[in-house]
Amino acid sequence: MEKNNQEKPVIFIYIGGYLPAKKQGGPVTSIRNFVEHFHDKYEIRIVCSEHEMGSKERFPDVNAGWNKRDYEYVYYLPVEEFKENKFIELMNPFKDRIYAAYLSGVYIVKLNLPAIKACEKLNIPIVLAPRGDIMRSTIRMNGFKSALKKYSFLGLARLKGYFKPLLIQATSEEEREGAIKYLGVPSENIVLLANLPMAPSYKEKIEKVSGKIRLLFISRIMVKKNLKHAIEVVAAMPNSMDIEFDIYGPIEEPNYWKECSELIEKAQSPQKKIQYCGSLRPEKAKEIYKQYDAFLFPTLSENYGHVIAEALLNDCMVLISKGTTPWDSFEGHGVYLGRLDSTSEFVEAITQIAEMDAKTYEVKQASNRKYIMEKLKIEELRSNYEKMLKAAQKQRRQ
(Lines give C-alpha, C1' and ligand atoms only; values in the text may rest on other atoms or scores of the structure.)
Protein backbone atom coordinates (compact mmCIF):
# COMPACT_ATOMS: atom_id res chain seq x y z
CA MET A 1 0.00 0.00 0.00
CA GLU A 2 1.42 3.38 -1.02
CA LYS A 3 2.30 5.72 1.82
CA ASN A 4 0.78 9.16 2.14
CA ASN A 5 3.23 11.73 0.72
CA GLN A 6 3.54 13.42 4.12
CA GLU A 7 5.03 10.22 5.53
CA LYS A 8 7.50 9.55 2.74
CA PRO A 9 11.15 10.56 2.60
CA VAL A 10 11.83 12.89 -0.34
CA ILE A 11 14.29 12.41 -3.19
CA PHE A 12 15.20 15.67 -4.97
CA ILE A 13 16.35 15.10 -8.56
CA TYR A 14 18.23 17.74 -10.58
CA ILE A 15 18.31 17.11 -14.33
CA GLY A 16 18.82 19.34 -17.37
CA GLY A 17 15.48 18.44 -18.93
CA TYR A 18 12.54 16.20 -18.16
CA LEU A 19 9.16 15.21 -19.56
CA PRO A 20 7.44 16.44 -21.67
CA ALA A 21 10.86 16.99 -23.31
CA LYS A 22 11.52 14.69 -26.27
CA LYS A 23 15.16 15.55 -27.03
CA GLN A 24 16.92 14.75 -23.76
CA GLY A 25 17.62 11.10 -24.55
CA GLY A 26 18.60 8.39 -22.06
CA PRO A 27 18.91 10.51 -18.87
CA VAL A 28 15.17 11.27 -18.92
CA THR A 29 14.43 7.57 -19.33
CA SER A 30 16.76 6.75 -16.43
CA ILE A 31 14.89 9.14 -14.16
CA ARG A 32 11.47 8.08 -15.41
CA ASN A 33 12.34 4.46 -14.67
CA PHE A 34 13.60 5.44 -11.21
CA VAL A 35 10.26 7.15 -10.58
CA GLU A 36 8.29 4.08 -11.71
CA HIS A 37 10.27 1.79 -9.41
CA PHE A 38 10.41 3.98 -6.29
CA HIS A 39 7.38 6.28 -6.19
CA ASP A 40 5.77 3.90 -3.70
CA LYS A 41 8.62 4.43 -1.22
CA TYR A 42 9.77 8.00 -1.85
CA GLU A 43 8.15 11.29 -2.69
CA ILE A 44 10.06 12.33 -5.81
CA ARG A 45 10.56 15.98 -6.73
CA ILE A 46 12.36 16.94 -9.92
CA VAL A 47 13.92 20.30 -10.81
CA CYS A 48 14.70 20.92 -14.49
CA SER A 49 14.66 23.35 -17.40
CA GLU A 50 11.30 24.72 -18.53
CA HIS A 51 11.98 24.26 -22.25
CA GLU A 52 12.97 21.69 -24.84
CA MET A 53 16.63 21.30 -25.78
CA GLY A 54 17.49 23.85 -28.47
CA SER A 55 14.43 26.00 -27.71
CA LYS A 56 13.77 28.97 -25.43
CA GLU A 57 10.00 28.58 -25.32
CA ARG A 58 8.44 27.34 -22.10
CA PHE A 59 6.55 24.05 -22.36
CA PRO A 60 2.91 24.97 -23.12
CA ASP A 61 1.24 22.78 -20.49
CA VAL A 62 3.50 23.65 -17.56
CA ASN A 63 2.31 25.70 -14.60
CA ALA A 64 4.22 27.92 -12.18
CA GLY A 65 5.28 26.07 -9.05
CA TRP A 66 5.21 22.31 -8.61
CA ASN A 67 3.54 20.28 -11.37
CA LYS A 68 2.14 16.85 -10.47
CA ARG A 69 2.77 14.27 -13.18
CA ASP A 70 1.90 10.57 -12.90
CA TYR A 71 3.85 9.86 -9.72
CA GLU A 72 6.33 12.72 -9.44
CA TYR A 73 6.32 16.48 -8.84
CA VAL A 74 8.26 18.63 -11.31
CA TYR A 75 9.41 22.24 -10.97
CA TYR A 76 10.27 23.82 -14.35
CA LEU A 77 12.68 26.78 -14.27
CA PRO A 78 14.28 29.13 -16.79
CA VAL A 79 18.04 28.55 -16.87
CA GLU A 80 18.72 31.99 -15.41
CA GLU A 81 16.99 30.83 -12.21
CA PHE A 82 19.38 27.91 -11.73
CA LYS A 83 20.78 29.55 -8.59
CA GLU A 84 21.91 28.29 -5.22
CA ASN A 85 19.38 30.45 -3.35
CA LYS A 86 16.53 29.30 -5.58
CA PHE A 87 17.36 25.64 -4.98
CA ILE A 88 17.56 26.26 -1.22
CA GLU A 89 14.14 27.92 -1.44
CA LEU A 90 12.71 24.87 -3.25
CA MET A 91 14.21 22.34 -0.84
CA ASN A 92 13.65 24.20 2.43
CA PRO A 93 9.98 23.18 2.92
CA PHE A 94 11.04 19.51 2.67
CA LYS A 95 14.49 19.63 4.29
CA ASP A 96 13.46 17.50 7.30
CA ARG A 97 12.25 14.77 4.93
CA ILE A 98 14.85 14.95 2.13
CA TYR A 99 16.62 11.60 2.03
CA ALA A 100 19.04 12.44 -0.81
CA ALA A 101 19.57 14.57 -3.90
CA TYR A 102 20.21 12.83 -7.20
CA LEU A 103 22.07 14.66 -10.00
CA SER A 104 22.01 13.49 -13.60
CA GLY A 105 24.91 14.28 -15.95
CA VAL A 106 28.29 16.00 -15.51
CA TYR A 107 28.34 18.88 -18.01
CA ILE A 108 25.16 20.71 -16.95
CA VAL A 109 27.35 23.14 -15.01
CA LYS A 110 24.74 25.89 -14.55
CA LEU A 111 22.47 23.38 -12.83
CA ASN A 112 24.88 21.07 -11.02
CA LEU A 113 27.19 23.52 -9.26
CA PRO A 114 24.47 25.60 -7.54
CA ALA A 115 22.57 22.39 -6.73
CA ILE A 116 25.67 20.92 -5.05
CA LYS A 117 26.24 24.14 -3.07
CA ALA A 118 22.58 24.29 -2.00
CA CYS A 119 22.65 20.66 -0.85
CA GLU A 120 25.87 21.20 1.06
CA LYS A 121 24.35 24.16 2.93
CA LEU A 122 21.31 22.08 3.86
CA ASN A 123 23.47 19.02 4.66
CA ILE A 124 21.70 16.88 2.05
CA PRO A 125 23.60 13.82 0.71
CA ILE A 126 24.18 13.79 -3.05
CA VAL A 127 24.42 11.00 -5.63
CA LEU A 128 25.73 11.92 -9.09
CA ALA A 129 24.98 9.71 -12.09
CA PRO A 130 27.37 10.78 -14.92
CA ARG A 131 25.12 9.21 -17.63
CA GLY A 132 28.07 8.30 -19.82
CA ASP A 133 29.57 11.81 -19.81
CA ILE A 134 32.98 10.68 -18.51
CA MET A 135 33.54 7.75 -20.85
CA ARG A 136 36.50 8.45 -23.13
CA SER A 137 34.55 7.40 -26.23
CA THR A 138 31.78 9.89 -25.38
CA ILE A 139 34.15 12.75 -24.57
CA ARG A 140 35.77 12.42 -28.01
CA MET A 141 32.53 11.81 -29.89
CA ASN A 142 31.83 15.22 -31.47
CA GLY A 143 35.25 16.26 -32.66
CA PHE A 144 38.30 18.08 -31.35
CA LYS A 145 36.68 21.35 -30.22
CA SER A 146 33.96 19.59 -28.26
CA ALA A 147 36.48 17.22 -26.65
CA LEU A 148 38.79 20.11 -25.74
CA LYS A 149 35.93 21.96 -24.05
CA LYS A 150 34.97 18.85 -22.05
CA TYR A 151 38.56 18.06 -21.04
CA SER A 152 39.02 21.68 -19.93
CA PHE A 153 35.95 21.51 -17.70
CA LEU A 154 36.91 18.11 -16.31
CA GLY A 155 40.39 19.43 -15.48
CA LEU A 156 38.89 22.41 -13.66
CA ALA A 157 36.35 20.20 -11.87
CA ARG A 158 39.12 17.89 -10.66
CA LEU A 159 41.27 20.83 -9.55
CA LYS A 160 38.42 22.50 -7.66
CA GLY A 161 37.08 19.21 -6.29
CA TYR A 162 33.50 19.91 -7.44
CA PHE A 163 32.49 16.26 -7.47
CA LYS A 164 35.03 14.74 -5.06
CA PRO A 165 32.73 14.64 -1.98
CA LEU A 166 29.78 13.13 -3.88
CA LEU A 167 28.78 9.51 -4.20
CA ILE A 168 29.08 8.54 -7.87
CA GLN A 169 26.84 5.98 -9.55
CA ALA A 170 28.90 4.40 -12.33
CA THR A 171 27.01 2.09 -14.66
CA SER A 172 30.10 0.50 -16.21
CA GLU A 173 33.74 -0.17 -15.39
CA GLU A 174 34.77 2.45 -17.96
CA GLU A 175 32.59 5.02 -16.21
CA ARG A 176 34.04 4.05 -12.82
CA GLU A 177 37.55 4.61 -14.19
CA GLY A 178 36.40 7.92 -15.68
CA ALA A 179 35.13 9.11 -12.29
CA ILE A 180 38.54 8.43 -10.76
CA LYS A 181 40.57 9.85 -13.64
CA TYR A 182 38.50 12.87 -14.72
CA LEU A 183 36.58 13.83 -11.57
CA GLY A 184 39.20 12.94 -8.97
CA VAL A 185 36.69 10.89 -6.99
CA PRO A 186 38.21 8.26 -4.66
CA SER A 187 37.25 4.71 -5.57
CA GLU A 188 35.44 4.17 -2.25
CA ASN A 189 32.99 6.94 -3.25
CA ILE A 190 31.93 5.10 -6.42
CA VAL A 191 29.12 2.58 -6.65
CA LEU A 192 29.00 0.34 -9.72
CA LEU A 193 25.29 0.03 -10.41
CA ALA A 194 23.37 -0.42 -13.68
CA ASN A 195 20.47 1.77 -14.73
CA LEU A 196 16.99 0.55 -13.89
CA PRO A 197 15.05 -0.78 -16.88
CA MET A 198 11.35 -0.15 -17.30
CA ALA A 199 8.84 -2.75 -16.15
CA PRO A 200 8.12 -5.40 -18.85
CA SER A 201 5.03 -5.29 -21.07
CA TYR A 202 4.47 -8.08 -23.60
CA LYS A 203 2.55 -8.43 -26.87
CA GLU A 204 -0.95 -9.82 -26.44
CA LYS A 205 -0.75 -11.50 -29.83
CA ILE A 206 2.22 -12.32 -32.06
CA GLU A 207 1.55 -11.32 -35.67
CA LYS A 208 4.60 -12.38 -37.62
CA VAL A 209 4.58 -13.41 -41.28
CA SER A 210 7.50 -15.36 -42.74
CA GLY A 211 9.35 -13.34 -45.39
CA LYS A 212 8.29 -10.00 -43.86
CA ILE A 213 9.80 -7.89 -41.13
CA ARG A 214 8.87 -4.64 -39.39
CA LEU A 215 12.01 -2.84 -38.22
CA LEU A 216 12.21 0.07 -35.82
CA PHE A 217 14.77 2.74 -34.91
CA ILE A 218 14.17 4.96 -31.86
CA SER A 219 16.86 7.42 -30.83
CA ARG A 220 18.18 10.91 -31.27
CA ILE A 221 19.27 11.41 -34.87
CA MET A 222 22.97 12.11 -34.58
CA VAL A 223 26.26 10.54 -35.68
CA LYS A 224 26.70 8.58 -32.43
CA LYS A 225 23.46 6.63 -32.91
CA ASN A 226 24.52 5.56 -36.42
CA LEU A 227 21.16 5.67 -38.21
CA LYS A 228 23.04 6.03 -41.49
CA HIS A 229 24.46 2.52 -41.14
CA ALA A 230 21.03 1.16 -40.26
CA ILE A 231 19.67 2.56 -43.53
CA GLU A 232 22.61 1.07 -45.43
CA VAL A 233 21.84 -2.33 -43.89
CA VAL A 234 18.18 -2.14 -44.98
CA ALA A 235 19.29 -1.07 -48.46
CA ALA A 236 21.51 -4.18 -48.64
CA MET A 237 18.68 -6.57 -47.79
CA PRO A 238 17.55 -8.89 -50.63
CA ASN A 239 14.47 -7.77 -52.55
CA SER A 240 12.86 -11.16 -51.90
CA MET A 241 11.74 -9.87 -48.49
CA ASP A 242 9.19 -7.21 -47.56
CA ILE A 243 10.71 -4.71 -45.13
CA GLU A 244 9.15 -1.82 -43.26
CA PHE A 245 11.64 0.40 -41.44
CA ASP A 246 10.23 3.21 -39.30
CA ILE A 247 12.45 5.84 -37.72
CA TYR A 248 11.55 7.79 -34.57
CA GLY A 249 13.62 10.46 -32.88
CA PRO A 250 14.43 14.18 -32.74
CA ILE A 251 16.80 15.51 -35.40
CA GLU A 252 19.74 16.82 -33.38
CA GLU A 253 22.27 17.05 -36.21
CA PRO A 254 20.52 18.41 -39.35
CA ASN A 255 23.49 17.85 -41.66
CA TYR A 256 23.67 14.22 -40.61
CA TRP A 257 19.92 13.83 -41.15
CA LYS A 258 20.36 15.26 -44.65
CA GLU A 259 22.80 12.44 -45.42
CA CYS A 260 20.37 9.91 -43.98
CA SER A 261 17.48 11.33 -46.01
CA GLU A 262 19.45 10.98 -49.23
CA LEU A 263 20.20 7.35 -48.41
CA ILE A 264 16.53 6.69 -47.62
CA GLU A 265 15.49 8.07 -50.99
CA LYS A 266 17.95 5.78 -52.79
CA ALA A 267 16.97 2.71 -50.75
CA GLN A 268 13.20 2.99 -51.20
CA SER A 269 11.56 0.31 -53.32
CA PRO A 270 8.23 -1.57 -53.41
CA GLN A 271 9.82 -4.15 -51.07
CA LYS A 272 11.58 -1.63 -48.80
CA LYS A 273 9.47 1.07 -47.19
CA ILE A 274 11.45 3.47 -45.03
CA GLN A 275 9.80 6.41 -43.29
CA TYR A 276 10.60 9.01 -40.66
CA CYS A 277 7.85 9.18 -38.05
CA GLY A 278 9.04 12.19 -36.04
CA SER A 279 9.84 12.48 -32.35
CA LEU A 280 8.29 10.09 -29.87
CA ARG A 281 6.97 10.98 -26.43
CA PRO A 282 8.85 8.67 -24.01
CA GLU A 283 5.68 7.53 -22.27
CA LYS A 284 4.33 6.28 -25.63
CA ALA A 285 7.35 4.09 -26.36
CA LYS A 286 5.97 0.89 -24.81
CA GLU A 287 3.16 0.61 -27.30
CA ILE A 288 5.40 1.51 -30.24
CA TYR A 289 7.94 -1.27 -29.56
CA LYS A 290 5.19 -3.87 -29.53
CA GLN A 291 4.18 -2.96 -33.10
CA TYR A 292 7.52 -4.14 -34.54
CA ASP A 293 9.46 -7.39 -34.94
CA ALA A 294 12.94 -6.01 -34.31
CA PHE A 295 14.80 -2.91 -33.21
CA LEU A 296 17.73 -2.01 -35.50
CA PHE A 297 20.32 0.04 -33.61
CA PRO A 298 23.97 -0.12 -34.82
CA THR A 299 25.09 2.53 -32.30
CA LEU A 300 28.70 3.67 -32.07
CA SER A 301 28.66 3.83 -28.27
CA GLU A 302 26.21 3.42 -25.40
CA ASN A 303 26.90 3.75 -21.70
CA TYR A 304 23.77 1.68 -21.03
CA GLY A 305 21.31 1.84 -23.92
CA HIS A 306 17.84 2.33 -22.44
CA VAL A 307 16.24 1.83 -25.83
CA ILE A 308 17.78 -1.64 -26.02
CA ALA A 309 16.36 -2.62 -22.64
CA GLU A 310 12.99 -1.13 -23.55
CA ALA A 311 12.80 -3.07 -26.80
CA LEU A 312 13.64 -6.35 -25.08
CA LEU A 313 11.13 -5.74 -22.27
CA ASN A 314 8.40 -4.97 -24.80
CA ASP A 315 8.75 -8.08 -26.98
CA CYS A 316 10.86 -6.49 -29.72
CA MET A 317 14.03 -8.35 -30.70
CA VAL A 318 17.19 -6.27 -30.99
CA LEU A 319 19.89 -5.95 -33.66
CA ILE A 320 22.86 -4.01 -32.30
CA SER A 321 26.52 -3.39 -33.01
CA LYS A 322 28.99 -5.73 -31.34
CA GLY A 323 31.22 -4.30 -28.63
CA THR A 324 29.61 -0.85 -28.34
CA THR A 325 27.01 -1.50 -25.61
CA PRO A 326 26.78 -3.57 -22.39
CA TRP A 327 24.31 -5.95 -24.08
CA ASP A 328 26.58 -8.39 -25.94
CA SER A 329 25.98 -11.10 -23.32
CA PHE A 330 22.31 -11.22 -24.36
CA GLU A 331 23.25 -12.60 -27.79
CA GLY A 332 20.93 -15.45 -28.67
CA HIS A 333 18.32 -14.30 -26.17
CA GLY A 334 16.56 -11.50 -28.02
CA VAL A 335 19.80 -9.80 -29.10
CA TYR A 336 21.54 -10.23 -32.47
CA LEU A 337 25.01 -8.73 -32.94
CA GLY A 338 26.76 -7.38 -36.02
CA ARG A 339 30.20 -5.81 -36.33
CA LEU A 340 30.12 -2.20 -37.42
CA ASP A 341 32.47 -2.98 -40.31
CA SER A 342 30.25 -5.82 -41.56
CA THR A 343 26.94 -4.96 -43.21
CA SER A 344 26.52 -8.63 -44.10
CA GLU A 345 26.32 -9.68 -40.44
CA PHE A 346 23.38 -7.35 -39.88
CA VAL A 347 21.74 -8.56 -43.09
CA GLU A 348 22.11 -12.16 -41.95
CA ALA A 349 20.59 -11.40 -38.53
CA ILE A 350 17.61 -9.53 -40.02
CA THR A 351 17.06 -12.40 -42.44
CA GLN A 352 16.88 -14.88 -39.55
CA ILE A 353 14.10 -12.88 -37.89
CA ALA A 354 12.33 -12.13 -41.19
CA GLU A 355 12.08 -15.84 -42.00
CA MET A 356 10.31 -16.65 -38.72
CA ASP A 357 6.57 -17.30 -38.78
CA ALA A 358 4.27 -16.37 -35.88
CA LYS A 359 4.71 -19.68 -34.06
CA THR A 360 8.51 -19.68 -34.32
CA TYR A 361 8.68 -16.04 -33.25
CA GLU A 362 6.37 -16.68 -30.27
CA VAL A 363 8.39 -19.66 -29.02
CA LYS A 364 11.60 -17.67 -29.38
CA GLN A 365 10.16 -14.69 -27.49
CA ALA A 366 8.92 -16.89 -24.64
CA SER A 367 12.48 -18.15 -24.18
CA ASN A 368 13.87 -14.61 -24.45
CA ARG A 369 11.52 -13.26 -21.77
CA LYS A 370 12.64 -15.82 -19.22
CA TYR A 371 16.33 -15.18 -19.86
CA ILE A 372 15.95 -11.38 -19.86
CA MET A 373 14.11 -11.27 -16.53
CA GLU A 374 16.65 -13.56 -14.88
CA LYS A 375 19.58 -11.66 -16.33
CA LEU A 376 18.34 -8.15 -15.50
CA LYS A 377 17.68 -9.07 -11.84
CA ILE A 378 15.30 -6.14 -11.39
CA GLU A 379 14.46 -6.84 -7.73
CA GLU A 380 18.15 -7.12 -6.91
CA LEU A 381 18.75 -3.82 -8.73
CA ARG A 382 16.03 -2.12 -6.69
CA SER A 383 17.65 -3.35 -3.50
CA ASN A 384 21.06 -2.09 -4.63
CA TYR A 385 19.62 1.37 -5.37
CA GLU A 386 18.33 1.51 -1.81
CA LYS A 387 21.78 0.53 -0.55
CA MET A 388 23.33 3.28 -2.69
CA LEU A 389 21.04 5.93 -1.19
CA LYS A 390 21.85 4.68 2.32
CA ALA A 391 25.56 4.83 1.49
CA ALA A 392 25.13 8.47 0.42
CA GLN A 393 23.53 9.25 3.79
CA LYS A 394 26.38 7.58 5.63
CA GLN A 395 28.96 9.43 3.57
CA ARG A 396 27.35 12.81 4.30
CA ARG A 397 27.48 12.16 8.06
CA GLN A 398 31.23 11.43 7.97
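Trainee: Why is Leu340 called partly exposed?

Mentor: In this predicted model, Leu340 has a relative accessibility of 30%; since buried means under 20% and exposed means over 50%, the value falls in between, and therefore Leu340 counts as partly exposed. Leu340 lies in the loop between S14 and H11, and together with Val223 and Leu300 it makes a nonpolar surface patch of about 190 Å².

Trainee: How do you know that Asn226 is buried?

Mentor: The relative accessible area of Asn226 is 12%, and the cut-off for buried is under 20%, so Asn226 is buried. Asn226 sits in the loop between S9 and helix H7 (227–235), and its phi is near 65 degrees, a positive value in a residue other than glycine.

Trainee: Which other residue has a positive phi, near 55 degrees?

Mentor: That is Asn123, again a residue other than glycine, and Asn123 is found in the loop between helix H3 (109–121) and strand S6 (126–129).

Trainee: What makes strand S11 and strand S14 edge strands?

Mentor: Six strands form an open sheet with parallel pairing, in the order S11-S10-S9-S12-S13-S14. Strand S11 (272–276) and strand S14 (335–338) each have a single partner strand, so one side of each is left without a neighbour in the sheet. From one strand to the next, the twist averages 20 degrees.

Trainee: How do you know that strand S9 and strand S10 are paired?

Mentor: Pairing requires at least two bridges, and seven bridges join strand S9 (residues 212–218) to strand S10 (residues 242–248), the two running parallel. Within this pair, Phe217 stands opposite Ile247 in S10.

Trainee: What is the pairing in the sheet of eight strands, and which strands are at its edges?

Mentor: The eight strands form an open sheet in the order S3-S4-S2-S1-S5-S6-S7-S8, and here the pairing is mixed. The edge strands are strand S3 (66–68) and strand S8 (190–192), each of which pairs on one side only.

Trainee: What makes strand S1 and strand S5 a pair?

Mentor: Six bridges join strand S1 (residues 10–15) to strand S5 (residues 98–104), and the requirement is at least two, so the two strands pair; they run parallel, and Ile15 stands opposite Ser104 in S5. Helix H1 (residues 26–38) lies across S1, strand S2 (43–49) and S5, running at about 170 degrees to S1.

Methods:
Residues are numbered from 1 along each chain as its sequence is written. This is a predicted model: local features need pLDDT of at least 70, side-chain atom pairs count only at pLDDT 80 or more; totals for chains, interfaces and linings use all residues. Side-chain values use heavy atoms; hydrogens and water are left out. Helices (H or I, at least four residues) and strands (E, at least two) are DSSP runs, numbered from the N terminus. Axes are lines fitted to C-alpha atoms, for helices over the stretch in contact, and angles run from 0 to 180 degrees between N-to-C directions. Patches are made of residues with over 30% relative accessible area and no salt bridge: like charges are joined within 9 Å, nonpolar side chains (Val, Leu, Ile, Met, Phe, Trp, Tyr) within 5 Å. Accessible areas come from the Shrake-Rupley method with a 1.4 Å probe; for residues, only the protein chains shown count as cover. A salt bridge is a side-chain nitrogen of Lys or Arg within 4 Å of a carboxyl oxygen of Asp or Glu. Buried means under 20% relative accessible area, exposed over 50%, partly exposed in between (1.4 Å probe, protein chains only). Contact means heavy atoms within 4.5 Å.
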